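Student: Could you take me through the place where the ligand sits in this structure? I would like a close look at that one part, with the cut-offs spelled out.

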Amino acid sequence: MCFGVRDAIALALEHADAGPLTILGDLVHNPTVLSVLEAKGIAVAQDVAHVKTPTLMVTAHGTSGRTLARTRALGLTVVEATCPLVHVAHRAVATLARAGYHVVIVGQRDHVEVRGLTGDLDRFDVLVEDDDVLALEEYPRLGVVAQTTQAAQKVLHLVDLIRRRFPQSDVRFVDTVCKPTKERQSAAVEMACQADVVIVVGGRSSNNTRELVQTCARYCARVHHVETDADVRPEWFAAAQIVGLTAGTSTPDEIIDCVEARIRQVDDQIGAMPRSVAEGLR
Ligand code: SF4
């Protein structure tokens with residue numbers, strides 16, 4: 001689990017002990033962690049207008065200045081768990097916008113982090129695929145920033161496409177993919193290159209987990225995304241010598257350990273002998 005998510009969970013549990021707390025959106029995109037928070041009595045609201053506790057927590061994904069102002073205007077106490085590396089992306093967006101650049105975010109349009117990054121802008125674009133670059137209008141100055149959990153290689157590819165599509169424009173790119181995401185991605189690539197089967201553990205709606213699945217699938221033909229050990233299927237490991245294991249940055253260690261134990265148990269049951277379980281969790 002990355003430090004941003006770990007610190008946000010610790011802060012939520014600490015504040016829940018002190019009094020009623022509502023979290024704005026999902027603290028992490030992992031159902032197991034969310035059920036722990038729910039058991040602690042922590043409420044979740046998708047909009048500040050629906051908050052019924054005096055204290056509201058902003059998640060590690062961050063939010064816009066406009067939303068923060070609206071929250072304070074309602075008289076709510078705000079606890080900010082925004083990851084410092086998401087703050088870096090917010091500062092990059094603000095600096096580019098102030099300097100007259102049309103801001104382009106490489107990321108998932110509906111993701112809470114991207115909504116926070118764009119929430120103070122009146123005009124912006126969000127793109128995630130090659131076709132989105134073709135739909136982009138020309139501006140004399142384009143400032144590109146990435147959602148922190150995007151695959152670094154994909155971001156560089158899209159920036160290159162933007163530069164080639166608008167050779168007359170001043171295209172400025174600020175690399176805001178966070179270090180834990182980059183390290184996890186490169187460890188996963190190294191592992192996927194050696195593995196016959198790769199298991200990626202993480203929430204179905206976790207962006208960095210889905211990016212890991214796509215990245216591993218470029219280097220290994222048999223990649224499976226699981227949320228818990230209950231999703232692991234024995235038939236996936238037929239004739240596998242090396243099983244690779246990696247996880248999104250919001251996946252608790254205990255869940256990864258259970259998945260690893262399940263893989264080893266399946267191995268015993270089917271009598272196959274994977275040479276090893278290679279971890280891609282740097
Ligand atoms: S994935 Fe990166 S930006 Fe997001 S919480 Fe973790 S460290 Fe922070």
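Tutor: Happy to; we will start with the ligand's surroundings and then turn to the cavity and the pocket. This is a predicted model, in which local features need pLDDT of at least 70, side-chain atom pairs count only at pLDDT 80 or more, and totals for chains, interfaces and linings use all residues. Residues are numbered from 1 along each chain as its sequence is written, and side-chain values use heavy atoms, with hydrogens and water left out.

Around the ligand you will find Cys-2, Phe-3, Gly-4, Val-5, Cys-83, Leu-85, Val-86, Thr-148, Thr-149, Cys-178, Pro-180 and Thr-249 (a residue is near a molecule if one of its heavy atoms lies within 4 Å of it). Helix H1 (3-18) and helix H4 (84-98) each give at least two residues to this shell, and H1 has the largest share, with three (helices are DSSP runs of H or I, at least four residues, numbered from the N terminus). By class the shell holds eight nonpolar, four polar and no charged residues (Ala, Val, Leu, Ile, Met, Phe, Trp, Tyr, Cys and Pro count as nonpolar, Asp, Glu, Lys and Arg as charged, and the others, Gly among them, as polar).

The space that the ligand takes is the largest cavity (a molecule sits in a cavity or pocket if more than half of its atoms lie within 2 Å of its grid points). On a 1 Å grid over the protein atoms alone, a cavity is a set of points where a 1.4 Å probe fits but cannot get out, while a pocket is an open set with protein on both sides within 12 Å along at least five of seven lines; lining residues have an atom within 4 Å of a point. About 260 Å³ of space lies in this cavity (a volume is the space filled by probe spheres set on the points, which are joined across faces, edges and corners). Its lining has 23 residues, and closest to the centre are Cys-2, Val-5, His-61, Thr-149 and Thr-249. H1, helix H8 (179-194) and helix H9 (207-217) each give two or more residues to that lining, with the largest share, three residues, from H1. By class, the cavity lining has 10 nonpolar, 12 polar and one charged residues.

For contrast, look at the largest pocket, with a volume of about 390 Å³. Of its 20 lining residues, Leu-24, Gly-25, Gln-46, Val-112 and Arg-115 are the closest to its centre. Here helix H5 (112-118) is a contributor along with helix H3 (65-73), and the pocket lining divides into four nonpolar, 11 polar and five charged residues.
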